[in-house]
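Here is a short report on one protein chain. Please look over the sequence and the structure before reading on.

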Amino acid sequence: MGTRLSPGARPAAPPALRNFLSLQDFETGARRHLPRPLFEYIAGGAEDSVSLHDNRAAFSELGFVTRVLRNVSGRSQAIDLLGRRYASPFGIAPMGISALSAYRGDLVQARAAAAEGVPMIMSGSSLIPLEEVIAVAPDTWFQAYLPGEPARIEALIDRVDRAGVKTLVLTVDTAVLANRENNVRAGFSTPLRPGLRLAWEGLTHPRWTIGTFLRTIVVHGMPHFENSYATRGAPILSSRVARDFGAKDHLDWEHLALIRRQWKRSLVVKGIMNSEDARKVRDMGADGLIVSNHGGRQLDGTVSPLRALPEVVRAVGTDFPVMMDSGIRRGTDVLKALALGARFVFVGRPFNYAAAVAGEEGVRHAIRILADEVQRDLGLLGLTSIAEVHGAQLRDLACSSGRSRRIAGRESRA
């Protein structure tokens with residue numbers, strides 16, 4: 001991985017980004033920059049967005065107990081994961097159609113992640129061939145949705161293997177399509193359907209229309225879904241073509257076994273919320289798992305991954321890499337997840353927004369913001385390394401007794 005400058009040794013933020021002080025600032029900027037249908041697609045959840053909001057609320061229910069007068073001048077947030085060393089304990093989560101929200105969005109995110117020494121997971125619902133991304137950022141992980149038939153599964157895995165992907169992430173929480181009412185209300189669909197409403201959004205967002213959409217078509221042609229299967233999929237803009245989602249409701253554990261037999265490198269399973277499922281993933285030979293409710297975009301009412309995390313970690317043991325995504329926006333969120341047993345976390349929407357606002361420079365700036373927060377928060381907790389983060393430093397602020405309660409989480413590895 002790339003070597004990132006240590007906090008305090010970095011160059012000042014570019015003038016255009018000096019007012020972006022937190023990940024939330026990028027969401028505010030992207031809301032102005034992107035057409036409403038596209039912004040709502042990225043920002044929204046399923047149905048009433050209960051899970052989407054709980055993903056954030058869960059973090060506010062935990063508080064830290066800090067230590068003082070402990071020399072923290074030698075702090076490091078570097079971490080080892082799946083045989084590689086990363087500069088920070090977080091990476092970029094997979095996000096579909098990123099090349100529609102930012103020009104060459106998947107490449108932008110992958111290059112930024114490599115430069116800052118963190119992993120990026122490329123989405124299977126992306127508009128740039130995975131081979132192009134791996135060519136410029138060879139350590140990029142690739143996330144796949146299971147195609148519906150064994151022959152298509154095998155063909156996709158063969159393609160990913162030939163591309164040189166080192167870590168394959170299987171997302172398994174999409175047996176049926178979610179009820180994304182917000183997409184319908186905002187006028188978003190895949191493919192996008194030409195019409196007066198879409199034309200108006202383009203006219204009222206000229207910077208995005210010229211700098212991302214028209215620039216992509218002129219330079220690269222009409223974007224297509226490139227990585228859902230072994231072959232090219234539907235175009236992103238069409239009045240007649242339908243995207244092939246494929247039937248996935250019959251997929252079961254045997255299909256995971258099929259992939260494990262075929263795929264010889266690191267295999268991570270994403271979308272695990274249940275301890276029994278977690279044990280099965282471990283016992284079937286996966287190299288890690290990601291606790292995730294898909295950012296609140298699948299079954300509305302699913303609990304926050306942060307709430308499910310401790311039980312999953314207890315089920316598989318601390319030696320098995322358990323990761324987490326959904327709802328992380330601050331360095332304190334990262335450390336709370338690690339204290340509850342996560343080995344690593346992934347952050348999605350904010351880096352998508354950063355790419356939309358300012359391209360690769362924006363993503364690098366967003367990564368640095370979060371890394372600086374983690375570095376600062378370690379010091380304020382009285383810690384010098386990620387290995388020292390554990391559950392004893394957390395208290396439950398919402399326990400029924402009205403008093404804070406110590407949290408059972410990861411034991412110190414210091």
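## Basis of the model

The model is predicted: local features need pLDDT of at least 70, side-chain atom pairs count only at pLDDT 80 or more, and totals for chains, interfaces and linings use all residues. Residues are numbered from 1 along each chain as its sequence is written, and side-chain values use heavy atoms, with hydrogens and water left out.

Helices (H or I, at least four residues) and strands (E, at least two) are DSSP runs, numbered from the N terminus.

## The sheet

Eight strands form an open sheet with parallel pairing. Their order is β4-β11-β10-β9-β8-β7-β6-β5. Two strands pair if DSSP finds at least two bridges between them. The edges are β4 (90-92) and β5 (121-122), each of which pairs on one side only.

Strand β6 spans residues 141-145, and four of its five residues are buried. Buried means under 20% relative accessible area, exposed over 50%, and partly exposed in between (1.4 Å probe, protein chains only).

## Strand β8 and its neighbours

Strand β8 is mostly covered: seven of its seven residues are buried. Five bridges join β7 and β8 in the parallel sense.

Axes are lines fitted to C-alpha atoms, for helices over the stretch in contact, and angles run from 0 to 180 degrees between N-to-C directions. Contact means heavy atoms within 4.5 Å.

The helix runs over residues 253-262, with H255, L256, A257, L258, I259 and R260 buried. Their cover includes α7 (150-163), β7 (167-171) and β8 (266-272). D252 caps the N-terminal end of α11. A side-chain oxygen of D252 lies 3.0 Å from the backbone nitrogen of E254.

## Helices α14 and α15

Helix α14 (residues 331-339) packs against α15 (residues 349-381) at about 65°, with the axes 8 Å apart. From α14, the contact takes in G331, T332, V334 and L335. From α15 come L370, E373, V374, D377, L378 and L381.

These residues divide into six nonpolar, two polar and two charged. Ala, Val, Leu, Ile, Met, Phe, Trp, Tyr, Cys and Pro count as nonpolar, Asp, Glu, Lys and Arg as charged, and the others, Gly among them, as polar.

S385 is found in the loop between α15 and β12 (394-396). Is S385 buried or partly exposed? At 21% relative accessibility, S385 counts as partly exposed.

Residues up to four places away in sequence aside, S385 touches S76 and L378. S385 and R75 are 310 residues apart along the chain, yet their C-alpha atoms are separated by 5.8 Å.

Terms used:
A polar contact is a pair of N or O atoms within 3.5 Å; within protein, one must be able to donate a hydrogen and the other to accept it, and residues adjacent in sequence count only if both atoms are side-chain atoms.
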